[in-house]
Amino acid sequence: IWSILPAETTRKINTEIDAAVKTYKPVGYSVAVLRKGKLVYSAQGGMANRELGVPVSGDSIFPIYSVTKLFFDIAFMQLVEEGRVNPDLPLSTYLHDLPETWRGITLRQAWSHVSGLPDIISSNGASDATPADTQEEAIARVRDLPLVFPPGAASQYNQTNFLLLKMIFEDIVGRPYPEYVTETQFKAIGLKHTFFGDPHRDPVPGMVHIYRDPPISEIPPYLYSNAGVNTTLRDMATWWRAVLAGRFVRPETIQSFWRPLQHTDGSPAAFANGWAIRSRGGFLRVGHDGAGLVCLQHFFPEADPDNSVTVIFLQNGGARTAYQHTLADLIADAFLP
């Protein structure tokens with residue numbers, strides 16, 4: 001444990017983490033807390049590889065699964081900020097071989113998971129479903145299926161949305177998405193242990209072993225905008241500090257995309273421009289989860305966005321999953337009751 005927080009705050013965070021570990025029994029975990037963009041707390045525990053007796057450290061490499069989408073969000077915001085793409089135009093403005101029912105869906109609706117598009121992975125978006133071998137096969141799986149709901153009417157997280165946006169992105173920048181993000185984000189701020197790749201197919205030294213039942217399917221390269229980033233706690237915290245400092249996109253641009261969206265009936269949407277978002281009691285929580293294992297959650301009062309707390313939680317599985325929301329909320333509550 002490393003902390004520059006007051007002793008009482010450190011004890012509160014330790015207590016919440018200890019309780020979560022006792023209840024959910026992750027094999028290994030790594031946690032960072034940032035206050036107003038400054039790293040103030042980090043902790044690791046458990047085993048990166050139980051069979052080999054390798055403990056988790058600050059340099060353990062974790063696959064972050066769908067938290068990967070935050071890197072895409074920043075890259076796509078860059079194109080919007082540069083005037084190279086308009087998220088309020090229909091998909092058909094940029095992609096010309098689309099089913100008729102898809103053509104009027106806007107980029108923002110796809111980006112915010114309110115498109116109604118059928119899911120290329122499975123009908124319910126299960127993360128253990130097997131993806132198609134190629135991008136073309138993935139699109140072919142669903143192009144003749146009806147929309148799940150009228151665009152804008154509801155929220156349903158699925159992988160089709162980000163695949164279509166990645167296709168548009170690559171057409172605009174003229175090169176593969178992973179290559180672009182590696183250069184403009186990873187290398188630009190010196191992230192030495194952050195890279196694209198499937199953790200099950202292409203493990204590297206220092207990578208944690210994933211203990212999850214059911215196991216997570218391999219991630220094909222065409223889905224690297226959706227999932228596929230591997231990173232360490234240190235690199236993830238460094239990247240997030242750069243995001244908040246405006247290293248990639250102006251802070252005011254980011255704030256404009258962190259506004260809660262509404263469905264056509266006025267109810268709140270679950271996502272806003274790629275970010276999972278919750279508004280409650282004058283506070284916003286934005287971020288993303290990955291595979292029921294990892295998360296980055298950023299909290300702030302809507303009237304004072306700089307008064308923020310960020311919780312990064314990485315784990316490699318265990319007895320139970322999908323508790324990271326609660327843990328992040330409880331840690332943030334130590335700063336923003």
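Predicted model: local features only at pLDDT ≥ 70, side-chain atom pairs only at ≥ 80, totals over all residues.
Reader: Quick one to start: what's the relative accessibility of R201?
Author: R201 comes out at 32%, which counts as partly exposed. For the cut-offs, buried is under 20% relative accessible area, exposed is over 50%, and partly exposed is in between (1.4 Å probe, protein chains only).

Reader: OK. Which residue does R201 form a salt bridge with?
Author: E218, with the closest N and O atoms 3.5 Å apart. A salt bridge here is a side-chain nitrogen of Lys or Arg within 4 Å of a carboxyl oxygen of Asp or Glu. R201 and E218 are 17 residues apart, each in the loop between β6 (195-196) and β7 (229-231). E218 is partly exposed too, at 44%.

Reader: How many salt bridges in the whole structure?
Author: The search finds 15.

Reader: Which residues are linked with E81 in a network?
Author: R250 and E252. R250 meets E81 at 3.7 Å, N to O, and E252 at 3.4 Å between the closest N and O atoms.

Reader: Where do E81 and R250 lie?
Author: E81 is in helix α2 (69-81) and R250 is in the loop between α7 (233-244) and α8 (251-257), so the pair ties together parts 169 residues apart in sequence. Helices (H or I, at least four residues) and strands (E, at least two) are DSSP runs, numbered from the N terminus. E81 has a relative accessible area of 26%, and R250 has 43%.

Reader: Switching topic: which residues of α4 are buried?
Author: In α4 (135-142), they're Q135, A138, I139 and V142. Seen down the axis, they fall within an arc of 95 degrees (taken from the directions from the helix axis to the C-beta atoms), so they line one face of the helix.

Reader: What do they pack against?
Author: Helix α5 (159-173); contact means heavy atoms within 4.5 Å.

Reader: Which residues touch the most other members of the largest nonpolar core?
Author: F71, I74, F169, W239 and I312, out of 83 residues. Such a core is a set of buried Ala, Val, Leu, Ile, Met, Phe, Trp, Tyr and Cys residues joined through side-chain atoms within 4.5 Å. Its largest share, nine residues, comes from α2.

Note on methods:
Residues numbered from 1 in each chain as written. Heavy atoms only, no water.
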